[in-house]
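Thanks for opening this one up with me. Here are a few notes to read alongside the structure.

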Amino acid sequence: MKYGYFPGCSLKGTGRAYEESLLPVLRHLGVELVELEDWNCCGATAYMAVDEGKACALAARNLALAERGGFQQLMAPCSACYLVLNKTQHYLDESPAMRRKVEGALGTVSLKLSRQTPVRHPLDVLLHDVGVEAIRQKVTRPLSGLRVAPYYGCQVVRPYATFDDQANPTSMDQLLKALGAEVVDWPLKTKCCGGSLTGTLPVAGLRLAYLLLKEAKKRGADAIATVCPLCQFNLDAYHDKIAARWEPVRLPTVYFTQLMGLAFGMPAHTLGLQRGFVPLELPAPTAA
Amino acid sequence: MKEIQRTIKYEADRVPGFGREVMSVPGCEKLKDCIQCGTCSGVCPLSIYMDHSPRQVMALVREDFKREVLSSCTIWLCASCYACTVECPQQIRITDIMYELKQRAIQEGFYPKRFPIPVLAQEFNRMVHDHGRISEGRLVTKLFLKTKPLEAAGMAGLGMRLMKTGRFSLKQENIRDRGDLARIMEAMDAPASGGNGKD
């Protein structure tokens, strides 16, 4: 299994632990990722707010690079990248005038968009291409006794994803169960983490992060598992501010790929676990 | 003392044609089908902070209240979680309409000065435009210095901790073919032949 890999800016910066855990875990499962050569920023939520046409062209350059690289599929682990690349394909399909313009602009540098390159999230690939059974077979250190709240956030399931349910996704639940973890049932799986508002308008943004943490704690979670670098940051980096404003709700938030790596027996430091502010503590293995 | 404000809108406050213009943008057409049910406001995690709820924004756009909509903080509070878009019984792409309104507010200079969200959007775009990639540390530092210089010092602690965990850097990332990206962007600026790109 071979995929083009679109890391996005966060996986090289604040979210580098996501990349550090994703790459070895997928390699361990026989999935080959080849980083897209000279990829550029997807535009995230900010570019679309300023210029729609350029936002499309920006994302489309990456799709054209994937085509030039001969990739049949592109993997985007960051929720914003995943959404924007998918959104751009939908948008170009629906607006022939925009497609003409974007194709013309790409043509000035000899890039073209002649076919669809499916953009997929690692959760989708792990569940549907690799399969839960193959993952279960690789587990050497089951996460028994660890109660995890699976947090999908917004842009992976809405509005373009077809691999899971929009209101009650379960792909990560299945994955975590295969790792031996206990999945905590909580209703905030797809609620917004606050996005970039945690930095720009903390009074509004941090409240959303606080509510997620509070509910996960109330339901007995030991940790939250996330699929997005911004969600991880918002739920991990602002505990001091949240405690000062409301109440302490300390809980580690880790990437689902870090939990996979641990269950596969990989050492924590090779999975970027030392980069989180709230450390993950695994329950002591129970005597058989 | 509290200032007195007129709370009822006059016919003269409307900018005729504004609603039709927004509804002609691809993705925004279905706004005409809005039944004012309020599902969007109900599912929106940020509506509690908005001056006009999403439902009200939909009505205001349709009724041409351009100034009220473009100067409202609602459009900037939208975090693009798409909850309203997937729940809308009329399949109105509310998130995309919010994007369209953000673009117009920036183009026409309607947003409150020093309000950090539109400043972030513009700084973000400048960085992508010039370098092809975002260097998060640089971007956030710029944003704070521009909009909340007094709070920047308060963020230093977080910056230090991020640096300690290898997650913060002021180094600017660049793509190799910056010239290519610039040419693509230039071509997008050029007027389209046979259409305005928004048919």
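1. Let's start where the two chains meet. In this predicted model, helix α5 of chain A and helix α12 of chain B cross in a right-handed sense. Their axes lie 8 Å apart and the packing angle is about 145°; to find α12(B), look at residues 178-189 of chain B.

2. Which residues of α5(A) and α12(B) make this contact? From α5(A) come Lys101(A), Gly104(A), Ala105(A) and Leu106(A), while α12(B) brings Ile184(B), Ala187(B) and Met188(B). Sorted by class, the contact of α5(A) with α12(B) has five nonpolar residues, one polar and one charged.

3. Now step back to the whole contact between the chains. Chain A gives 52 residues to the contact and chain B gives 54. Several helices of chain A each supply at least two residues to the side that touches chain B: α2 (44-47), α3 (52-68), α5 (96-107), α9 (197-200) and α10 (202-218). That side of chain A is made up of 23 nonpolar, 17 polar and twelve charged residues.

4. Next, chain A as a whole. You can trace 13 helices and eight strands in chain A. The radius of gyration of chain A is 19 Å, close to the 19 Å that the globule rule gives for 288 residues, so chain A is as compact as a globular protein of that length.

5. How much of chain A counts as buried? The share is 60% of its 288 residues. As for contacts in chain A between residues at least 6 apart in sequence, 80% of them join residues at least 24 apart.

6. Inside chain A, another helix pair is worth a look. Helix α6 (residues 122-130) and helix α8 (residues 171-178) of chain A have axes that come within 10 Å and cross at roughly 60°. Here α6(A) passes α8(A) in a left-handed crossing. On the α6(A) side the contact is made by Leu123(A), Leu126(A) and Leu127(A), and on the α8(A) side by Ser171(A), Met172(A), Gln174(A) and Leu175(A). Five of the residues in the contact of α6(A) with α8(A) are nonpolar, two are polar and none is charged.

7. Finally, a word on chain B. Chain B is divided into domain 1, covering 11-107, and domain 2, covering 116-189. The C-alpha centres of these two domains of chain B are 28 Å apart.

Methods
Residues numbered from 1 in each chain as written. Chains lettered and ligands numbered in written order. Predicted model: local features only at pLDDT ≥ 70, side-chain atom pairs only at ≥ 80, totals over all residues. Domains from an automatic or database assignment. Helix = DSSP H or I, 4+ residues; strand = E, 2+ residues; numbered from the N terminus. Rg over C-alpha atoms; globule rule 2.2 N^0.38 Å. Buried ≥ 20, exposed ≤ 12 C-beta atoms within 10 Å, placed from the backbone. Contact = placed C-beta atoms within 7 Å. Axes fitted to C-alpha atoms, helices over the stretch in contact; angles between N-to-C directions. Left-handed = near helix turned anticlockwise from the far one by under 90°. Nonpolar A, V, L, I, M, F, W, Y, C, P; charged D, E, K, R; others polar.
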